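Here is a short note to read alongside the structure. Please keep the 3D view open while going through the points.

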Amino acid sequence: MNQAYILTLSCPDKLGLVHAVSGFLLEHGGNIEEAAQYNDHATGLFFMRVQFACGAHDHAALKTQLAAFAGPHGMLWQLHPVSEPMKTVIMVSREGHCLNDLLFRWKSGLLPVHIAAIISNHRDFYQLAASYNVPFHHIPVTAATKAQAEARQFEIIESEGAELVVLARYMQVLSDDLCRKLQGRAINIHHSFLPSFKGAKPYYQAHDRGVKLIGATAHYVTADLDEGPIIEQDVARADHSKTVEDLTTMGRDTESQVLARAVKWHTEHRVLLNGHKTVIFR
């Protein structure tokens with residue numbers, strides 16, 4: 001019986017890489033169903049994503065054979081069975097629009113994830129979590145307890161086997177240590193006023209300045225606050241007639257959509273890191 005896989009890889013660019021990869025898959029009984037590649041001339045790197053079906057070898061055997069193939073090319077690669085949803089933990093504070101959107105998309109079959117747990121520094125959404133039968137962990141955070149709280153958060157993430165952590169409006173700054181532990185597997189969302197309107201009530205600041213665009217950015221979490229590799233961005237137009245409440249609603253809708261797309265692309269293994277940037281195979 002054929003099993004569908006997604007292979008992602010990057011390596012120094014050279015002639016014949018597409019031929020080499022497709023030849024390897026043919027040799028091992030793989031039938032390519034979707035393929036995309038990108039050559040970054042600025043860095044000299046080659047990126048590729050291939051979805052293929054294979055019944056000749058199981059996952060473990062394919063990984064062993066891929067390791068032998070990839071070594072001489074200097075490839076960084078990953079192989080994922082398509083049928084396995086990505087185990088995910090969501091972290092949230094007191095704004096639930098992104099959390100609610102992700103939960104609905106998951107249960108509607110629109111995201112290839114399994115939401116294993118919700119972590120929050122407030123109790124606001126324990127009933128929402130219960131309505132989806134998702135374990136809810138309330139972990140208060142203060143300056144004095146931040147280290148212990150993060151240790152408990154990471155313990156939950158690891159015990160659930162989470163491959164992805166989504167900061168769905170989690171309004172706490174993660175420590176450098178936790179950022180390093182979650183490198184490449186944590187996605188954050190924020191409004192795109194940064195750095196123009198920092199701090200509390202950014203939509204009030206934006207309204208006061210008469211902004212014409214409301215935006216949102218989803219990015220990977222790094223120790224550099226809100227400066228990780230960008231996955232997705234979008235904007236909505238505003239005009240003089242919009243109230244603060246209008247801007248806030250528009251912003252929340254944009255944040256939800258941008259975060260959902262970023263999570264979908266990540267869980268479909270369409271995002272490859274390229275230094276401080278990303279390559280997105282949509």
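Predicted model: local features only at pLDDT ≥ 70, side-chain atom pairs only at ≥ 80, totals over all residues.

1. Seen in order, the strands run β7-β6-β5-β8-β9-β10-β11, which makes an open sheet of 7 strands with mixed pairing. The edges are β7 and β11 (230-237); each has a single partner strand, so one side of each has no neighbour in the sheet. On average, neighbouring strands are turned by 20° against each other, direction ignored.

2. Strands β5 (residues 86-92) and β6 (residues 113-120) are parallel and share 7 bridges. Within this part of the sheet, V92 is opposite S120 in β6. Helix α5 (residues 146-159) packs on the sheet and touches β5, β6, β7 and β8 (164-167). The direction of α5 makes about 165° with that of β6.

3. H190. This residue belongs to strand β9 (residues 186-191). H190 counts as buried because its relative accessibility is 9%, and buried means under 20%. Apart from neighbours within four places in sequence, H190 contacts R169, A216, T217, H219 and D226.

4. Most residues other than glycine have a negative phi. N133 has a phi near 55°, and H269 has a phi of about 60°. Neither is a glycine.

5. Where are N133 and H269 found? N133 is in the loop between α4 (126-131) and β7 (136-138), while H269 is in the loop between α8 (244-267) and β12 (271-274). N133 is exposed, at 71% relative accessibility, whereas H269 is buried, with a relative accessible area of 12%.

Conventions: Residues numbered from 1 in each chain as written. Heavy atoms only, no water. Helix = DSSP H or I, 4+ residues; strand = E, 2+ residues; numbered from the N terminus. Buried < 20%, exposed > 50% of the residue type's maximum accessible area, 1.4 Å probe, protein only. Contact = heavy atoms within 4.5 Å. Pairing = 2+ DSSP bridges. Axes fitted to C-alpha atoms, helices over the stretch in contact; angles between N-to-C directions.
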